[in-house]
Amino acid sequence: MEKKRQKEKTNNVVTFIPNGEYYFNKALKAIDKDQMDKAYKYMKRAAELSPDDAHVLMQFGILEMEAQNFEKAYELIHTAYSLEPSEAEHVFFLAEISGCIGLMRDAQKYAEMYLQMEPDGMYVQEAEDILEFVQFEENEVEFLDDDESQKLIAQEKARRLMEDGNFPEAIEVLEQIIETYPDLWPAYNNLALAYFYVGETEQSRALLHNVLRENHGNLHALCNLTVVAYYEKNEEELQALLEILKKINPYDWENRYKLGATLALVGQYELAYKWLQSMKKRGFTGDAGFYFWLAQSAYFSGREEEGKVAWRILVEMDPTKEGLEPWGNLSEEVNIDSLEQNREFIIEKINSKYSAHRMFGFFLLSKSAHKQEIIAHPKLIDLSKYSGIEKLCLAYALQHSFNQKNELEKYFVRSMEVAEELYNKSGSITIESQYLFQMWFVLCERALKEGYEFKNIKALAASVEYMFYSTINSEKITKKHYAEKYSISVSTLSKYIEELVQFLPFDSK
């Protein structure tokens with residue numbers, strides 16, 4: 001009965017799933033405490049979980065507007081308005097954000113609409129200021145027309161859907177945009193990326209090649225094809241595309257940013273640094289994404305201090321990135337040829353058909369300089385394919401805080417401490433030592449399912465190492481050697497060897 005209970009626990013790892021209202025309330029509390037970084041993070045999550053809640057979208061839009069992310073704010077506030085057009089607050093903020101992005105006719109229309117809806121409302125003075133500003137600017141600037149307004153709304157909606165990982169809906173929006181605006185090449189490029197993210201690689205490639213035929217030399221299409229070739233491990237195409245990108249000298253910031261970020265992603269750090277740093281020197285302030293790629297390209301092109309400075313700027317913009325430096329798992333002593341730094345090996349393991357291999361892959365991921373890249377890839381990690389224990393391993397790689405009051409999580413953490421002990425003794429994981437770790441994760445998985453407590457970390461590490469190497473060369477392997485190596489007694493070692501033997505995968509007949 002106890003074993004059955006433990007197995008049930010394994011399949012019920014997540015006991016509490018917060019909803020949009022939960023995060024919305026946390027955001028409001030953070031705003032009250034003037035903790036705006038936390039407020040933004042919580043409100044973003046609330047909008048992801050409640051995409052049809054006009055009030056949530058409205059508040060998120062206001063935060064984006066205060067952060068001067070005007071295009072993002074416009075799409076959010078416009079969506080909130082479309083969901084609840086009779087809400088006066090939505091009308092006022094739509095007027096304000098329209099003015100911020102140059103849609104002056106819309107700013108005028110919605111300001112007048114607000115004054116009609118609430119002639120004594122709390123934003124009357126601000127609405128009158130908007131009308132006065134529009135009148136003043138009328139002869140000074142060229143207003144965007146309704147067509148440009150609709151383009152902006154649609155593209156921002158698609159961008160937000162992609163940012164939230166809602167690629168199927170983004171594909172629908174982008175296909176509608178292309179049908180209406182057949183020469184809007186950015187929409188084609190984004191649609192190609194969305195297809196790639198849902199696994200439609202050939203469709204993605206076909207769209208990008210179509211863009212290059214119709215809009216020769218489109219840099220974004222070339223960069224996107226490069227990313228697809230990189231992730232699909234098409235070395236011949238990747239090298240051919242890189243030769244083209246190396247000859248391109250873009251003038252405007254948007255194309256320099258795209259080129260620099262693409263080159264950094266595929267490991268061309270020196271050239272990536274050249275373009276991104278050229279932007280910074282010329283006064284480009286950039287967003288968090290810009291400083292991510294600048295930090296990575298600087299650090300891995302040998303400019304370590306400069307990379308760290310760029311990362312500090314990034315953390316100031318987005319405190320959630322604290323401790324997630326791309327080089328965070330790469331110490332000076334690490335062997336870059338070790339398996340934890342072998343991107344392809346890690347990907348192979350986390351996609352293995354064997355559960356213990358996937359667990360081992362996530363342990364490697366926790367030590368790898370490629371962690372952020374692999375986690376960010378849309379197709380490499382599929383949570384729906386993993387068991388409860390495998391999800392715990394992924395959470396461990398992501399530095400999740402575990403609940404020590406939960407037996408399964410407590411025992412799991414101890415099992416990973418054994419793996420850490422083995423890792424500390426070996427210094428790195430090599431082609432030869434990988435089988436030692438794979439043996440541990442086979443034992444670990446079976447032991448967790450049986451509710452094993454993993455009480456003595458050093459003794460368990462010594463036991464699995466003795467068991468592994470004794471099968472290779474039993475004549476020269478002694479218990480005394482491994483007992484001394486881990487500072488335990490031979491009798492303790494023998495005891496834990498006996499405990500682990502029961503979890504070896506022997507076939508029962």
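This briefing walks through the charged side chains of the structure above, from a surface patch to the salt bridges. Please keep in mind that the model is predicted.

- Asp53 counts as partly exposed because its relative accessibility is 32%, and partly exposed covers the range between under 20% (buried) and over 50% (exposed).

- Glu48 and Arg45 join their side chains in a salt bridge, at 3.0 Å from N to O.
- These two residues are three apart in helix H3, so about one helical turn separates Glu48 from Arg45.
- Glu48 is partly exposed, at 26% relative accessible area.
- Arg45 is partly exposed too, with a value of 36%.

- Arg205 pairs with Glu237 in a salt bridge whose closest N and O atoms are 2.6 Å apart.
- Arg205 belongs to helix H12 (residues 201-214) and Glu237 to helix H14 (residues 235-246), so this pair ties together parts that lie 32 residues apart in sequence.
- Arg205 and Glu237 are both buried.

**A partly exposed pair between a loop and a helix**

- Arg303 and Glu270 meet through their side chains in a salt bridge, 2.8 Å from N to O.
- Distant parts of the chain are linked here, 33 residues apart: Arg303 is in the loop between helix H17 (288-300) and helix H18 (304-317), while Glu270 is in helix H16 (residues 269-281).
- With a relative accessibility of 26%, Arg303 counts as partly exposed.
- Glu270 also counts as partly exposed, at 45% relative accessibility.

- Lys44, Arg45 and Glu48 form one network, joined by salt bridges that share partners.

Terms used: Residues numbered from 1 in each chain as written. Predicted model: local features only at pLDDT ≥ 70, side-chain atom pairs only at ≥ 80, totals over all residues. Heavy atoms only, no water. Buried < 20%, exposed > 50% of the residue type's maximum accessible area, 1.4 Å probe, protein only. Salt bridge = Lys/Arg side-chain N within 4 Å of Asp/Glu carboxyl O. Helix = DSSP H or I, 4+ residues; strand = E, 2+ residues; numbered from the N terminus.
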